[in-house]
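Colleague: I would like to learn how to read the features of a model. Please take me through one.

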Amino acid sequence: MMVKPALHSAALLLLLLLSGILTEYDDQVPLKVVVKNQIDGVAPLNYNTSVVYRGILLGALKRLMSLNSDFKFTYTENLNYGPYLESVNGLAGNSADHTYWELLVEYPNGATKRPDVGIGCYIPAINETIILNFTKW
Ligand code: B12
């Protein structure tokens, strides 16, 4: 007689757990992308995009490019480190000029960091601002 309610509770618990897990996998992580180029004195450009939970920045940039015709980028494949961000909106880094697209991240509290991995490895967290900063080394 006491078995039925126990079974119901177990089924309910399982359902709750499953819905939690599925929501986690369904969720998109929203982020902002800012394209900065202080070398040429160009005003920053702002974009919104998202990536699947625990997805990589490269995915977020590809999604942005496919949905927004005002944003484009190219990358090259490095044998050791994977994708290297080569150009943004038609402007490419150049070894002769020592220019490159630096990857920066700004957190919701305003703090900024320079990730120690590239666009193929960086996993954005919710509401981060990704800054693609054209600069010199
Ligand atoms: C010099 C250097 C740079 C220079 C390269 C300039 C040049 N053309 O010479 C500049 C300043 C451009 C650079 C940029 C970045 N770098 Co760097 N860089 C180095 C460093 C110190 C030496 C590389 C080198 O000259 N090797 C010797 C040559 C003979 O070998 P090579 O294979 O031809 O080297 C090339 C690659 O290393 C490539 N490269 C350099 N950095 C990166 C980063 C990524 C993600 C990729 C795919 C390729 C790449 O550029 C070199 C020249 O073509 C290494 C650390 C180290 N001591 O190895 C870090 C290193 C490779 N860089 C690193 C990182 C994270 C970056 C940035 C993502 C930093 C950022 N937040 O912006 C950016 C790349 C952004 C982008 N556009 O995709 C990491 C990569 C780790 C990883 N697993 O992703 C390393 C290992 C340093 C670290 N943090 O530990 N970098």
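**Strands and sheets**

Modeller: Strand β1 (residues 28–37) and strand β2 (residues 42–52) are antiparallel partners, joined over nine bridges. Helices (H or I, at least four residues) and strands (E, at least two) are DSSP runs, numbered from the N terminus, and two strands pair if DSSP finds at least two bridges between them. This is a predicted model, in which local features need pLDDT of at least 70, side-chain atom pairs count only at pLDDT 80 or more, and totals for chains, interfaces and linings use all residues. Residues are numbered from 1 along each chain as its sequence is written, and side-chain values use heavy atoms, with hydrogens and water left out.

Colleague: Which residue in β2 is the bridge partner of Val35?

Modeller: Strands of a sheet pair through backbone hydrogen bonds, either parallel or antiparallel. Here, the partner of Val35 in β2 is Leu45. The hairpin of β1 and β2 has four residues between the strands, and Gly41 takes a positive phi near 60 degrees there.

Colleague: Do β1 and β8 pair in the parallel or the antiparallel sense?

Modeller: Parallel, over six bridges. Val34 stands opposite Ile131 of β8.

Colleague: What is the order of the strands in the open sheet of five?

Modeller: The order is β2-β1-β8-β6-β7, and the pairing is mixed. β2 and β7 are the edge strands, each pairing on one side only.

Colleague: How many salt bridges does a search of the whole structure find?

Modeller: A salt bridge is a side-chain nitrogen of Lys or Arg within 4 Å of a carboxyl oxygen of Asp or Glu. The search finds one. The side chains of Glu102 and Arg114 form it, at 2.8 Å from N to O. Glu102 is in strand β6 and Arg114 is in the loop between β7 (112–113) and β8 (129–136), so the pair ties together parts twelve residues apart in sequence.

**Pocket and ligand**

Colleague: What is the volume of the largest pocket?

Modeller: On a 1 Å grid over the protein atoms alone, a pocket is an open set of points where a 1.4 Å probe fits, with protein on both sides within 12 Å along at least five of seven lines; lining residues have an atom within 4 Å of a point. Grid points are joined across faces, edges and corners, and a volume is the space filled by probe spheres set on the points. The largest pocket has about 440 Å³. It is lined by 17 residues, and those closest to its centre are Pro83, Tyr84, Val117, Gly118 and Ile119. β4 (82–88) and β6 (99–106) are the elements that give two or more residues to this lining.

Colleague: Which residues around the ligand are the closest?

Modeller: A residue is near a molecule if one of its heavy atoms lies within 4 Å of it. The ligand is surrounded by 17 residues, the closest being Gly82, Leu85, Trp101, Leu103 and Pro115. For polar contacts, look for pairs of N or O atoms within 3.5 Å. A ligand oxygen is 2.8 Å from a polar backbone atom of Leu85, and a ligand oxygen is 2.7 Å from one of Leu103. A ligand nitrogen is 2.9 Å from a polar backbone atom of Pro115. The elements giving two or more residues to the shell around the ligand are β4 and β6.

Key
A polar contact is a pair of N or O atoms within 3.5 Å; within protein, one must be able to donate a hydrogen and the other to accept it, and residues adjacent in sequence count only if both atoms are side-chain atoms.
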